[in-house]
Amino acid sequence: MPDRQRLIDIRLDDKTLVRRSAEVEHERAVAIYDLIEENSFAPEGDFAGPYLLRLRLEDNRLIFDIRNGTDAPLTEVGLPLTAFQSLVKDYFLVCESYYAAIRTAPPSKIEAIDQGRRALHDEGATLLLQRLKGRIALDFATARRLFTLICILHVRG
């Protein structure tokens, strides 16, 4: 059964997004690739996986549109984004510093900024696990990669 409690496809709603930087596109591609390769995802209820996931923002909520392997809708889980807003903002600021630093800063500064970035990422994953408890079961690595996608959905250009 473990192979059935996983994601096999993930798509982001691009309707509200304008254009992303090369760094953001790279982060998106890596997060999705890593998620597909290894994840643990089990929505609560009598559903059979594997699953397709469509993520979108709607009225300040993150919508997990969960579908079966033939793309038929199974359930939707809405998650208020209020709790994530300051964390996502801080994550963006640290990421901007990181991308600027990798061009010119010494390795010690890059490493320090990256540690901060990873800590915020871990905090986002922990918050996501808490908010989805009882609705979608995830492991920490899956939550961490999904947090990356939440951040990318916030990019407005």
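Helix α3 meets helix α4 through Arg 118, Leu 120, His 121, Asp 122, Gly 124, Ala 125, Thr 126, Leu 128 and Leu 129 on the α3 side, and through Phe 140, Ala 143, Arg 144, Leu 146, Phe 147, Thr 148 and Ile 150 on the α4 side (contact means heavy atoms within 4.5 Å; helices are DSSP runs of H or I of at least four residues and strands runs of E of at least two, numbered from the N terminus). These contact residues comprise 9 nonpolar, 4 polar and 3 charged (Ala, Val, Leu, Ile, Met, Phe, Trp, Tyr, Cys and Pro count as nonpolar, Asp, Glu, Lys and Arg as charged, and the others, Gly among them, as polar). The model is predicted, with local features needing pLDDT of at least 70 and side-chain atom pairs pLDDT 80 or more, while totals for chains, interfaces and linings use all residues. Residues are numbered from 1 along each chain as its sequence is written, and side-chain values use heavy atoms, leaving out hydrogens and water.

The axes of α3 (residues 107-132) and α4 (residues 140-153) come within 8 Å and cross at roughly 105° (axes are lines fitted to C-alpha atoms, for helices over the stretch in contact, with angles from 0 to 180 degrees between N-to-C directions). The two helices are therefore roughly perpendicular (65 to 115 degrees; under 35 is roughly parallel, over 145 roughly antiparallel and the rest oblique).

Turning to the sheet, 4 strands form an open arrangement in the order β1-β3-β4-β5, with mixed pairing (strands pair if DSSP finds at least two bridges between them). β1 (7-12) and β5 (73-80) are at the edges with a single partner strand each, so one side of each has no neighbour in the sheet. Strands β3 (residues 51-58) and β4 (residues 61-67) run antiparallel, joined by 7 bridges. Helix α4 lies across β1, β3 and β4, at about 35° to β3.
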